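Keep the sequence and the model open as you go.

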Amino acid sequence: MNLEYEEIVELLRKYLTDEQIDRKIEAKLQELSGLISREGAACIIAHELGIDINARRLKIARLIRGVNTGEVIGKVLRMNDAREFVRDGNVGRLRGFLIGDESGVIRVVAWGDMVDNITMGVGDSVKIESVYVRENNGTREIHLNERSKITKSDEVININKRKHIGEVAEGFDVEIYGTIVQLFEPRFYEICSKCGKRVQANGENFVCKEHGVVDIEKVPVVNFYLDDGTGNIRVVCFRKEAEGVMNSYSAGEQIMVQGRIANNNFFNRLELIANHIETLEPARVIEELERE
Ligand SMILES: [Zn+2]
């Protein structure tokens, strides 16, 4: 069982109020006195209600390459025009668009006759069932063919990326407000002056995979721990963000970090790879807290 508690509760919400769900879960936990987890209790309740938990909601950040059993509901963030292309003398059609949910965004490509089913516009919510994901230059894309099913949904999608550290998972695009609790000394590494990619040292020289022996630049990487009261996470900053942190921040400062949650396989821990950092003015912090 690798369904998350929240995902099952999401399914239960189609039939029960939050209060009913809580009550039923508490009752089930008591009935089976400590033999099952909350997630297990939620699964049993779903089963009793005849809900197929395998037809489950998938978060965009969690989609994997290949066929994902379940459904994705996302908000259309951008819609491109349909276009034609020629391949092997045949004319084909495709239409690309971008959808997002609270975990991230993904490009969707509709092919052939499927293009006629794309009648939604920016701001609409769409539901895609049996999601087929392909990887294109390292970027995941949902592909829709004649067997795919996409429909308009009246569900309101909240794509607020604001998250607490305690609730993040790998792949999430997030915005986190917290305090720098520990700041490490910057480290520097060498990049190719032509393409900006990392280079390998070879004796006196530095070698770029693409450009051979090249001139290099030294760029900083800075790590720090960010704490928001629900937990702490190591934040990794490269280049511009790293320079910003080196020049402007110290421990104890309250900041907002936008970026992506990645798993550091070596240490088996989640890290936040920063792509934007801002100082938080005290007034803004209070305003944000009041909004919660
Ligand atoms: Zn290069």
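This is a predicted model: local features need pLDDT of at least 70, side-chain atom pairs count only at pLDDT 80 or more, and totals for chains, interfaces and linings use all residues. Numbering starts from 1 along each chain as its sequence is written.

**Exercise 1.** Find what the buried residues of α1 pack against.

Solution. Start with the partners: the buried residues of α1 pack against α2 (18-31) and α3 (38-48). Contact requires C-beta atoms, placed from the backbone, within 7 Å. Helices are DSSP runs of H or I with at least four residues, strands are E runs of at least two, and both are numbered from the N terminus.

Next, name the residues. In α1 (residues 5-12), I8, L11 and L12 are buried. Buried means 20 or more other C-beta atoms within 10 Å of a residue's own, with C-beta atoms placed from the backbone.

Last, locate them around the axis. They lie on the same side of α1 because their arc is only 105 degrees; the arc is taken over directions from the helix axis to the C-beta atoms. An α-helix has 3.6 residues a turn, so residues three or four places apart point the same way.

**Exercise 2.** Give the strand order of the open sheet of three strands.

Solution. The order is β10-β11-β12, with antiparallel pairing. Pairing takes at least two DSSP bridges between two strands. β10 (200-202) and β12 (212-213) are the edge strands, each pairing on one side only. Two bridges join β11 (residues 205-208) to β12. C208 stands opposite G212 in β12.

**Exercise 3.** State how the chain is divided into domains.

Solution. Domain 1 covers 5-48, domain 2 covers 60-153 and domain 3 covers 165-291. These bounds come from an automatic or database domain assignment. Over C-alpha atoms, 39 Å separate the centres of domain 1 and domain 3.

How values were computed. Buried ≥ 20, exposed ≤ 12 C-beta atoms within 10 Å, placed from the backbone. Contact = placed C-beta atoms within 7 Å.
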